[in-house]
Amino acid sequence: MNDDEDLSPFIRGKVYVVQKKEGYRFNIDSLFLADFVNIKSSGKLIDLGTGSGIILILLSLKYKNLQFYGLEVQPELYHLAEKNFVINDVKVDLKLVDVKDVKSIYPHQFFDYVVVNPPYFKSGEYKNIQEKIARSEVLATLEDFIKASWYLLKNKGKIFMIVPVERLSETIQLLKNYKLQPKRYRFIHPSVDEKATHFMFEAIKQAKEGGEVVESPLVVYENPKEKKYANYVWNMLENYPEHRQWRI
């Protein structure tokens with residue numbers, strides 16, 4: 001590792017992730033999205049804006065027969081993801097490219113599944129440019145990610161994404177504009193007494209309307225003041241599938 005990096009265990013040490021000490025660092029949203037993904041165990045899956053690679057690493061624990069691909073625009077995060085895939089023994093075809101330029105890299109309708117933890121906010125104040133690019137629409141908008149997903153997905157292919165609730169109507173409208181039909185939702189609440197802050201969705205390309213399902217809420221904390229996780233989250237952290245091996 002470089003001097004400005006550290007090694008973080010996650011899900012009780014079942015995976016290890018190199019991250020910048022000062023810069024973008026993944027949070028538990030990545031675990032929630034990986035847990036939400038529900039697919040067959042074969043096919044090609046791409047993570048758009050893979051960051052440090054944590055989502056693909058987590059998905060590799062659930063699905064042993066998928067072909068994994070990743071795309072990242074920031075060189076520093078790209079190289080971090082390279083390290084993390086080696087450490088966690090995950091084979092990923094990783095590209096350093098802007099999500100708006102996917103047509104220059106991949107054929108149309110190349111993927112069965114797309115996973116996206118996109119920049120959440122249209123603007124904001126951040127401690128450095130790496131975090132600003134990862135969390136706000138400096139280089140790519142929510143529409144850019146949805147448009148790229150439409151291009152990459154086969155007909156009947158699936159996209160999984162996590163988005164702030166304040167962008168719910170905008171997200172659904174964009175999905176419909178690009179013929180991606182929402183089919184499954186799950187809302188994330190900090191506690192049982194608080195409103196949802198984020199939602200996750202599964203959408204299918206060129207699917208018909210109808211048959212939508214809203215799953216039970218994902219409540220993060222049983223006791224927000226003490227940061228005590230609710231049972232479901234605790235179970236994810238404790239019982240997520242064991243990794244094959246890791247290399248340090």
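**Exercise 1. State how much accessible surface the chain has, and what share of this surface belongs to carbon and sulfur atoms.**

Solution. The model is predicted, with local features needing pLDDT of at least 70 and side-chain atom pairs counting only at pLDDT 80 or more, while totals for chains, interfaces and linings use all residues. Residues are numbered from 1 along each chain as its sequence is written, and side-chain values use heavy atoms, with hydrogens and water left out.

**Exercise 2. Describe how helix 5 and helix 6 pack, giving the angle and the distance between their axes.**

Solution. Begin with the general rule that two packed helices are described by the angle between their axes and the distance between the axes. Helix 5 covers residues 142-152 and helix 6 covers residues 168-177, helices being DSSP runs (H or I, at least four residues) numbered from the N terminus. They pack at an angle of about 30 degrees, with their axes 10 Å apart. Helix 5 is therefore roughly parallel to helix 6, a term for angles under 35 degrees. Next, name the residues that make the contact (heavy atoms within 4.5 Å): Leu 142, Glu 143 and Ile 146 come from helix 5, and Glu 170, Thr 171, Leu 174 and Leu 175 from helix 6.

**Exercise 3. Repeat the description for helix 1 and helix 7, and name the residues that meet.**

Solution. Helix 1 (residues 29-36) and helix 7 (residues 231-239) pack at an angle of about 85 degrees, and their axes lie 11 Å apart. This makes helix 1 roughly perpendicular to helix 7, a term that covers 65 to 115 degrees. On the side of helix 1, Leu 31, Phe 32 and Asp 35 take part, and they meet Tyr 232, Val 233, Met 236 and Leu 237 in helix 7.

**Exercise 4. Is Val 233 buried or exposed, and which residues does Val 233 touch?**

Solution. First locate Val 233, which is found in helix 7. With a relative accessible area of 0%, Val 233 is buried, where buried means under 20% and exposed over 50% (1.4 Å probe, protein chains only). Not counting residues up to four places away in sequence, Val 233 touches Ile 28, Phe 32, Leu 218, Val 219 and Val 220. Finally, Val 233 and Glu 222 are 11 residues apart in sequence, and their C-alpha atoms are 9.6 Å apart in space.

Methods:
Axes fitted to C-alpha atoms, helices over the stretch in contact; angles between N-to-C directions. Helix = DSSP H or I, 4+ residues; strand = E, 2+ residues; numbered from the N terminus. Parallel < 35°, antiparallel > 145°, perpendicular 65-115°, else oblique. Areas by Shrake-Rupley, 256 points an atom, 1.4 Å probe, with all protein chains shown as cover.
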